[in-house]
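Reader: Could you walk me through some of the labels used for this model? I'd like to see what stands behind each of them.

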Amino acid sequence: MGSLFRSEEMTLCQLFLQSEAAYACVSELGELGLVQFRDLNPDVNAFQRKFVNEVRRCDEMERKLRYLEKEIRRDGIPMLEIPGECPEAPQPREMIDLEATFEKLENELREVNQNAEALKRNYLELTELKHILRKTQVFFDEMADPSREEEQVTLLGEEGLMAGGQALKLGFVAGVILRERIPAFERMLWRACRGNVFLRQAEIDTPLEDPTSSDQVYKSVFIIFFQGDQLKTRVKKICEGFRATLYPCPEAPADRREMAMGVMTRIEDLNTVLGQTQDHRHRVLVAAAKNIKNWFVKVRKIKAIYHTLNLFNLDVTQKCLIAECWVPALDMETIQLALRRGTERSGSSVPPILNRMETAEDPPTYNRTNKFTFAFQNLIYAYGVATYREVNPAPYTIITFPFLFAVMFGDLGHGALMAAFGFWMCYKEKPLQAKKIDSEIWNIFFGGRYIILLMGLFSMYTGIIYNDIFSKSLNIFGSSWRNNYDNSTLAENKLLQLNPDSNDYLQSPYPFGIDPVWQLAESNKIIFMNAYKMKISIIIGVFHMLFGVCMSLWNHLYFKRRISIYVEFIPQIVFLTLLFFYMVLLMFIKWTSYGPTPGKLGSNDPEIIKTSAYCAPSILITFINMMLFKTDPNTRPQCDDVMYAGQMGFQKLFVIVALLCVPIMLFGKPYYIMRERKQRAQSQPLANTEAAAENGGVAGAIQPAHHADEEISEVFIHQAIHTIEYVLGSVSHTASYLRLWALSLAHAQLAEVAWNMLLRKGLMSKGFQGGIFLYVVFAGWAAISVSILVLMEGLSAFLHTLRLHWVEFQSKFYAGEGYLFQPFSFEVILDSAGQAEE
């Protein structure tokens, strides 16, 4: 049987590789992605393995590539995607060339960055000096103003203005500080110098580039006037504390002009050199950007190969590597060919040896999937990975999942919107995959695009069955009901009924789905739809559970668990059939036995009355009475107490047989195990005596136990839990399928509310203003339909469908106690590395 219905048959193999051919062979297996290696050195530290130095070299190369990538991204240079197929893993000798290339690129880039940073720092200093010379000229002009004499008196005192017959001048320092530090800087100067300094500052209008971080910062020029060396020292310390940069500023105007001209010349020269440096850096990065994706792939492949080789064992001669691996049995030949290719590439003369091994260990679970089945298989894996070779529910889920969803979501209009979205994602699959959109929600939707498409299509089908499109109905074939009331009767009565026994009904049902006349039945539409959908939900649920129990038979037959067939499957299927499938049969008997009696309207014939809708019994009451061995006489004397002859006898028999199945499920397996152990214990002493006699030993000597059996008390507890879970679960799971009816009702009612409260009022509006009102109302109705009725209701129905499959369906046969087959695959490794980067 293909792996779609049951996981692939796996085999444990031992692989012998010659040391010089190991790298090439593992590389070929990585490209193939069909081998899961086991760690043969679990107790060896990662730093003590054979190829740890090669792994370190790969880590170092990866670090250098990440540095290059960061610089390329910072400059906004596009990195070329790998055209066509990914490059193969390079040979070990090519590692030296790659290391040399990366070392050269890193050193060159670091040197260029250091030079550029030094040039930018020099440029910043010259720019700040230029602003200082320009701004301080204004300050000096102000201080030369006679009107400023009062400030000088304040700083120097009247006696200090003239000393030795000469006028004393103030000392000063000039510099640049971050604009946000100015207020604190000014307060500190005032407090530390006790108001004996004079500070002037002016903002630099254009932002300056920080050479270290490349951020744009705003700064201000300041000049501080003071008297004496003591204040000078104090001022410089405060400037140093606030990280202000001080620059020399000549006192003489002529010297300042000369310095400003020199600064402008040097800035122009620096601009030229900076431009050339940036051009060189850009050229280096553009050249690296063309190959960096390729380099990443090569380095990651080399690293993955050496990581895998570290899982291998060395033989005593140190010339051969030994590995153990899980491989799919069907792919043995493909793997042999890959190993042969690797041996030829390496030039080795010794072919690799791949031997099958016998093991008691449970193999990993491997189900082959394609882009269509992948999403459905993931739904199953979310519950639990299948036990090895257990029946895979995924192929059946492909049909049952969208169908059960559609039963809850049935609406032709909403289903069409969902199907259109799913079809668009499937149609634009390759372009959307190439975009690599970094949004978790989008990736969830895109990963389940085929599920969304099928859910939409199935919802359209059930929408046609319900005859529901945006809460309205389609009258394609013409209603089977006719209005025979005259105009006066219609005008005088708000509510009127159409009798199926009369000529109101044409006695031929609507060809497909629900008759559109029910859309007009305001008083009993919900009653009719509830009865219909409730019964359909139970019917679907019982058949779904019966199918799940039948799947367990397939497991028992495959694993040769004959006793499980007799004491588990048969009692389970009998219990479910005699109780709940019988309830489904009662529904069909009711539908076929009771109904309209055309042409017999008003007849008092007892036979006609007995088959009319008047005598139709309640299935729920009938089922409850059946379980209680109770018979309620019909309160309507014209009607029979039973639906068919012998009903009471059959029902009592069914309940008794179903109840007898419970002790079989509870005690059958423990009894069988106890009997088997007893037989084994009786036959073992004889076998021990014969073996001892043959070997010359003493008869009756104690022999080692062949296996440790489970305690019988634990077997009883385990079986009791399963039996109670199945019996009670049969009732609760059947009731759980009523969510199909409940969500379908909720969806239909929400759609009807949205129509009546919004779009209907817009359509009833008239005139020019009515057109504008309709435009606004339609936008609101469309937004509510998409956001609430499609997205939120769709998500709700999806989660309920998931629960029905995980709990009600899979619990009947699916253990889900396996572990996934995780082969050594370059594709998986590169994908996970790419996602980690994003």
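Author: Gladly! Helices (H or I, at least four residues) and strands (E, at least two) are DSSP runs, numbered from the N terminus. H131 lies in one of these, helix α3 (residues 94–143). This is a predicted model, in which local features need pLDDT of at least 70, side-chain atom pairs count only at pLDDT 80 or more, and totals for chains, interfaces and linings use all residues. Residues are numbered from 1 along each chain as its sequence is written, and side-chain values use heavy atoms, with hydrogens and water left out.

Reader: Why is H131 called buried?

Author: Buried means under 20% relative accessible area, exposed over 50%, and partly exposed in between (1.4 Å probe, protein chains only). H131 has 10%, so buried is the word for it.

Reader: And what makes V786 partly exposed?

Author: V786, in helix α24, has a relative accessible area of 41%, so it falls between the two cut-offs.

Reader: Which residues does H131 touch, not counting those up to four places away in sequence?

Author: They are I204, T206 and V221, where contact means heavy atoms within 4.5 Å.

Reader: How do you know that the span of α2 is close to the expected one?

Author: The expected span is 1.5 Å times one less than the number of residues. Helix α2 (residues 52–74) has 23 residues, and its reach from first C-alpha to last is 33 Å, close to the expected 33 Å. After α2 comes G76, with a positive phi near 70°.
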